Amino acid sequence: MRRRAFTLIELLVVIAIIAILAAILFPVFASARERGRSASCLSNLRQVLQAMKMYSQNEEGLECPPYKYTNNRTRLYWWQDLLQPYYKSRETFKCPTDSEPYTYNDLRPPGYPPMVSSYGVNTVAYWSVTRAWYDKGLEHYGYRDPIGGGGPTAAQSDDIGASVHENDVKDPSNTIWVADSTFVELWDEKWVDYADKKGRAHADYGVEGRHGRYFNALFGDGHVKSIVYGSSQPCQWSIQDDCGAPGGRR
């Protein structure tokens, strides 16, 4: 008995069906893969939290500084370096979704590799977006003492990256501590998620919505979660309890 071959039209129909199914399923697979990466990123932030809390316990409640200079500012330790005794791998600071993590190689202490990180610590003290808080850094600021490093001696000058005590964080459950970022320290409000990024290079974005419409964040009370990019509030970037203050919410 003679077999009937596929006609050209039938082959084209089959190819079209496969193409349609692929177009439908590929975004689903990509979304599922990204959800897995986001979950790994959140796990990284939980490990960061554990390291930060161990540091704080050993320093009588002082939180890990964003950075610290030594030897008259000829060496620079970032917060990832200061936490080194409390985590197993530097891969902890790399988000699986981040293809271009921030790299810093200036003033590295002897024996330290380049500092590579996908996360930025909240030290916002310059309010370039919230005009009600402009030039009011001593009233609203993140995880950094805004008056540290102002002394005349070398030791005081080195202490410019001084951090705050855990008791200074008045609303920890609503205060962002660390977030997905293209930069290791978020000291200017222009780098938070709700600031206008038009005309700026990707490396200058700061907080990055790299997980679809979301960025991951670690809060002062220890919880981590995904936040819709652009939805955070000014008061979530200051350690003061000022969500009810003028300018606290957009």
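Is Phe-183 buried or exposed? I opened my notebook with that one, and Phe-183 turns out to be buried, with a relative accessible area of 18%. I count that as buried because the cut-off is under 20%. A reminder to myself: this is a predicted model.

**Entry 1**

By the ring-pair rule I get 15 aromatic pairs. One of them joins Tyr-67 and Tyr-69 edge-to-face, with 5.8 Å from centre to centre and 80 degrees between the planes. Tyr-67 is buried at 8% relative accessibility, and Tyr-69 is buried too, at 19%.

Back to Phe-183: this ring pairs edge-to-face with Tyr-102, at 5.0 Å centre to centre and with 80 degrees between the planes. I then checked where the two sit in the chain. Tyr-102 belongs to strand β3 (residues 102-104), while Phe-183 is in the loop between β6 (176-180) and β7 (185-188). They are 81 residues apart, and the pair links distant parts of the chain. Tyr-102 has 19% relative accessibility, so I wrote it down as buried.

**Entry 2: charges over rings**

Which residue lies over the face of Tyr-69? I found Arg-73 there, 5.3 Å from the ring centre. I also noted Arg-131, which lies over the face of Tyr-134 at 4.3 Å from the ring centre.

**Entry 3: Tyr-119**

I found Tyr-119 in strand β5. At 1% relative accessibility, this tyrosine counts as buried. Its side chain makes a polar contact of 3.3 Å with the side chain of Asn-44. I also looked up the spacing to Val-178: Tyr-119 and Val-178 are 59 residues apart in sequence, yet their C-alpha atoms are 6.5 Å apart in space.

**Entry 4: Ser-232**

Where does Ser-232 lie? I located it in the segment after β9 (224-228). Ser-232 is buried, with a relative accessible area of 1%. I noted two side chains that it touches through polar contacts: Asp-193 at 2.4 Å and Trp-237 at 2.9 Å.

**Entry 5: positive phi angles**

I looked for positive phi values in residues other than glycine. Asn-72 has a phi near 55 degrees, and it sits in the loop between β1 (67-70) and β2 (75-78). Asp-135 has a phi near 60 degrees, and its place is the loop between β5 (119-126) and α3 (154-158).

Are these two residues buried or exposed? Asn-72 is exposed at 54% relative accessibility, and Asp-135 is exposed at 58%. I wrote "exposed" for Asn-72 and Asp-135 because the cut-off for that word is over 50%.

**Entry 6: a nonpolar patch**

My last stop was the surface. Which residues make the nonpolar patch of about 580 Å²? I listed Ile-9, Val-13, Ile-17, Ile-20, Leu-21 and Ile-24. I looked up the place of Ile-24 as well, and it is in helix α1 (residues 8-58).

Methods
Residues are numbered from 1 along each chain as its sequence is written. This is a predicted model: local features need pLDDT of at least 70, side-chain atom pairs count only at pLDDT 80 or more; totals for chains, interfaces and linings use all residues. Side-chain values use heavy atoms; hydrogens and water are left out. Patches are made of residues with over 30% relative accessible area and no salt bridge: like charges are joined within 9 Å, nonpolar side chains (Val, Leu, Ile, Met, Phe, Trp, Tyr) within 5 Å. Accessible areas come from the Shrake-Rupley method with a 1.4 Å probe; for residues, only the protein chains shown count as cover. A salt bridge is a side-chain nitrogen of Lys or Arg within 4 Å of a carboxyl oxygen of Asp or Glu. Helices (H or I, at least four residues) and strands (E, at least two) are DSSP runs, numbered from the N terminus. Buried means under 20% relative accessible area, exposed over 50%, partly exposed in between (1.4 Å probe, protein chains only). A polar contact is a pair of N or O atoms within 3.5 Å; within protein, one must be able to donate a hydrogen and the other to accept it, and residues adjacent in sequence count only if both atoms are side-chain atoms. Rings of Phe, Tyr and Trp (its six-membered ring) pair if their centres lie within 6.5 Å; planes under 30 degrees apart count as stacked, over 60 as edge-to-face and the rest as tilted. A charge sits over a ring if NZ of Lys or CZ of Arg is within 6 Å of the ring centre and within 35 degrees of the ring normal.
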